[in-house]
2 protein chains.
Amino acid sequence: MSRYFLNPFPNQALTEIIGLRMIAKAFRQFLFQWGMTMGQKIFNLSNHQAFQKLKPLSKSFKDKNNHLKNLIQTKNRFKDFSIQKHGFSYDFSKQRLDKTILKELFELARQAGAKETFSQMVSGKIINATENRSALHTAARDFTQDQILVNDMDVIFEINKVNKEIKNFTEKIHKKKIKGTTGKSFTDAVVIGIGGSYLGCEFVYTALKHGIEPLIDLHFLPNVDIDNFGQIIKTINPETCLWIIISKSYTTIETMANLNQALLFLKSNNLDPANHLVTVTAKGSPGDDPTNSSLGSFHMFDFIGGRYSVTSAVGGVPLSLAFGFDNFHRFLKGCHTMDLHALNAPEENNIPLIAALINIWNSNFLDYPALAIIPYCTALSNLCPHVQQLYMESLGKGVTSAGKSTNHRTGVIIFGEPGTNAQHSFFQLAHQGSPFPIEFIGVATPVYNKSQATSKGVYNHQELWANMIAQAMGLAKGKDDDNNAKYFPGNRPSSTIVINDLTPESIGMLLAFYEARTVYEGFILGLNPFDQFGVELGKVLATDIRDQIKRKNIDKTYDFTSLDTATKFYLDILFKGSL
Amino acid sequence: MSRYFLNPFPNQALTEIIGLRMIAKAFRQFLFQWGMTMGQKIFNLSNHQAFQKLKPLSKSFKDKNNHLKNLIQTKNRFKDFSIQKHGFSYDFSKQRLDKTILKELFELARQAGAKETFSQMVSGKIINATENRSALHTAARDFTQDQILVNDMDVIFEINKVNKEIKNFTEKIHKKKIKGTTGKSFTDAVVIGIGGSYLGCEFVYTALKHGIEPLIDLHFLPNVDIDNFGQIIKTINPETCLWIIISKSYTTIETMANLNQALLFLKSNNLDPANHLVTVTAKGSPGDDPTNSSLGSFHMFDFIGGRYSVTSAVGGVPLSLAFGFDNFHRFLKGCHTMDLHALNAPEENNIPLIAALINIWNSNFLDYPALAIIPYCTALSNLCPHVQQLYMESLGKGVTSAGKSTNHRTGVIIFGEPGTNAQHSFFQLAHQGSPFPIEFIGVATPVYNKSQATSKGVYNHQELWANMIAQAMGLAKGKDDDNNAKYFPGNRPSSTIVINDLTPESIGMLLAFYEARTVYEGFILGLNPFDQFGVELGKVLATDIRDQIKRKNIDKTYDFTSLDTATKFYLDILFKGSL
């Protein structure tokens, strides 16, 4: 792939000599800088022939004959525009496209080399060029490959080793062989971690706990807001609580600040961190020091980025504590099923690839600025916040992976709430305001299986599905009415995903679907879905302000006069405690 | 105001004769239909002179000299573009506008008669023309007016009456004078209600429980998902649990379905609904029948719509149960403070009006398709879902209140998560992807006041604020960099709201700010912010599908062959329980 020419040493063997690797790295950096300085057209989505063809197609397609109410009635529409594989159904029959457009979209994927890049990713190539790293979240649940070498390290071996440690540790907790300082066994765990160190884990925990009674209840403490901490300590018994500190670098500001609260809390309860603290962090980080007072440290790796890390120790430790390692393993199996599908299925049958192409079609050609994710399932209520991070942090870029400013739409806004709740919230706008595509998600069988009442002749779960089906249909078809207030324009696109149930396998497939879709979309858009330089500026500016606050903490007479009026105003309020 | 000419009988006295009122209603409907049939230009935002002036201003304003990094450095920027009133601060100094634009925006508000319409609303005029109703959420916390007459009924008297009933009832619960069937006092309450019957209440409950220990723990059961029910009954003791059923019509499908589960649950636990059930509903609805088996019924009124109803019995019953009526009363006082400000402050000092104008400026002139709401406060985590409904259901319209199709942008997408969490989630896109305006919210004093650790020389709450200040600054200023990947374009607008604390008064002000801003925006955009015809189509279509399901529940051989392929596919899965 031309866009990866920036790595002049793709052959692993060549780079085995340490000195050469250093030179290679410097040369790659030089090429990268040079590529940008020269304003070189390394990758440009609209240079692809297929992209050029799609532009006029999208204009002519806006003809009213292509209103969704007509499209969905064309012959074999559902059959030709939906795929069912491995107990996962993806229905895009209510998207605003036809076979001609779909054919060009597949062509776009081929011209962008999407599948080849995905394959390179899975095999450990340095796909995250800006950070000079592999992107091997798929290796965290790879039951097919025996070995993946990255910088002389066998990734599969290392991951298996960590998983064995997680299994041993969590079994000891469950069998009450490891107990707290006062000899009591553990009932709760507080997960201290932010962003990718908690959103995916929280999604999976919320989804699974409907069907599997947690052995250990999890609580999430991401925010540096002291009231986040204050609320959690109200609900736990300090003697029976573990604290899991998750940070790759072990320097994340929020996580370290909350760790310090946790340490003070343990101390004030006369509990020893050596009996209550666990870390998930990179090998050699400050959190990995064996002289630390903790129950132990589980390694995470730089080839798995935060938002892709729920199948690593980041999710592995808390989820195995909650549900047992075997259930975590089942979850990994589900992810792997989807990974293999994403890797091997041809473009025309590849669910995450098609879903990525539809996103690109909707954003770059039909100009929709957002995508709503609406699971008709309360257990999936944390899916949207997770995908929001996964997608918006991966694709919310202004620059291609080759360092060129983008001349096309990149990631869009992701938002959503569970249905039917969302129907009673923002679906007014979905039907009659500025349109946006929607992704409906249904779960065929709910967890609750006790006797239950019917209403209007149907069970609650049936009512739920009746609504999900009706919404997709109503958005597509619309309704004419002489009264403008009761007129529904329709032609509002949606997809519908169905999984069988809330088992770890199904949740794994859903998670891996969104991961694969995101990276496919990134590859086709020419972006690096694994870096996040856009979060850096805020960190730098916060440091300056923190230093100001620190000065006043030390010297009460310090008065912020050197600062701009707005900043001074806010810091004065902060110290005064009110306006 | 010309747009309300549709009500030809604004004078209450005239309509006191019942017969005349009927004729008036029919005539209003005739006029409404006729107005639309004739395609009459009753109201058109772009017909306003100020709107016409703003269009060219918005174009010339896009000049790079007006980059926010320059604007925020102009003299007196913060002083002139921020307002502090009643312990509420609204800072719009980082919005992309100047004094000339602001002046025209105020002119737009005047030409649209925004303040007059607000005043009519507060005094009980039939402002919700399409549904022929007043919109009197402000009356639910009006401690100034002695009487508001609507259709011969004194609204203030009726509201006070209901509030006294709520006070008496909840005090009896707290004093253990009312107990469950088995003689145990109540510890929990499940709120069954969806959309406006729960989102506002959930927001306020979540916000207040940080600072006030609940006397009764609330649980929310909005969704018809049986697993929503299944999870809640795991966490409560049936003997000590109240069920609060909230539905104006007492026919809401989801609410009735969940009521039926609750009744079965009570029965299977040998508990009498007469001791465990409370209803909040309209006078005379099926839920208001005194022969029903329940502890009683509290009235809600058709002049307060769901999404504006948290200060009525909809919030009053559950929130008084949770925190005591006195705290609910304090919350109402906070709302009233903001209502009076919204009603009385001149345009130039009117916080919700200015905030509404800024939304209109951002959507209609600067073309932003969304607004993110980012409270730097975990306790406010349910604010965004509430405002999402309030705003998107009120303003997500394609038609003016006079029945004309809109030729301007109406409501935009609202989404958000608490900061700093959001920084580690989607702020990558906020800084470097397609821009959208952000509303930051800070709380000057947190609830937690026990001893705590510092990190890097600052307390957690200080770290939180350092980040909030830094993000607004970074988004505005941006940062140049020769490396495109590290370049921040800046010029991304934000506002910052600060409230003093998490007391009921402050939360009340925040709630009423969003309500007033929403209706102001609706009035200026020419929309009716109180109807929601866009939710009807889905209901109708769901009825058809429900009937199909019901037929198969009765007759297992029924096979859906009359349906379209997609619907048949989903109903087959639903009955099979898997793909």
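**Reading the terms**

Author: Gladly! In chain B, 6 strands form an open sheet in the order 1-2-13-12-10-11, and their pairing is mixed. Keep in mind that this is a predicted model.

Reader: What makes strand 1 and strand 11 of chain B edge strands?

Author: Strand 1 (82-85) and strand 11 (413-415) of chain B each pair on one side only. On average, neighbouring strands of this sheet are turned by 15° against each other, ignoring direction.

Reader: How do you know that strand 10 and strand 11 of chain B pair?

Author: Pairing takes at least two bridges. Strand 10 (residues 370-375) and strand 11 of chain B have 3 bridges, in the parallel sense, so they count as a pair. For example, L371(B) has I414(B) of strand 11 as its bridge partner.

Reader: What makes strand 5 and strand 6 of chain B a pair?

Author: Here 5 bridges join strand 5 (residues 188-192) to strand 6 (residues 217-221) of chain B. The cut-off is at least two, so these strands pair too. They run parallel, and A189(B) stands opposite L218(B) of strand 6.

Reader: Why is the link between strand 5 and strand 6 of chain B called right-handed?

Author: The chain goes from strand 5 through helix 8 (residues 199-208) to strand 6 of chain B, a right-handed β-α-β crossover. With the strands pointing away from the viewer, a right-handed path over the helix runs clockwise, so that is the turn to look for.

Reader: Which helix of chain A gives the most to the side touching chain B?

Author: The contact takes 125 residues from chain A and 125 residues from chain B. Helix 17 (residues 460-477) of chain A gives the most to chain A's side, with 13 residues.

Terms used
Residues numbered from 1 in each chain as written. Chains lettered and ligands numbered in written order. Predicted model: local features only at pLDDT ≥ 70, side-chain atom pairs only at ≥ 80, totals over all residues. Contact = placed C-beta atoms within 7 Å. Helix = DSSP H or I, 4+ residues; strand = E, 2+ residues; numbered from the N terminus. Axes fitted to C-alpha atoms, helices over the stretch in contact; angles between N-to-C directions.
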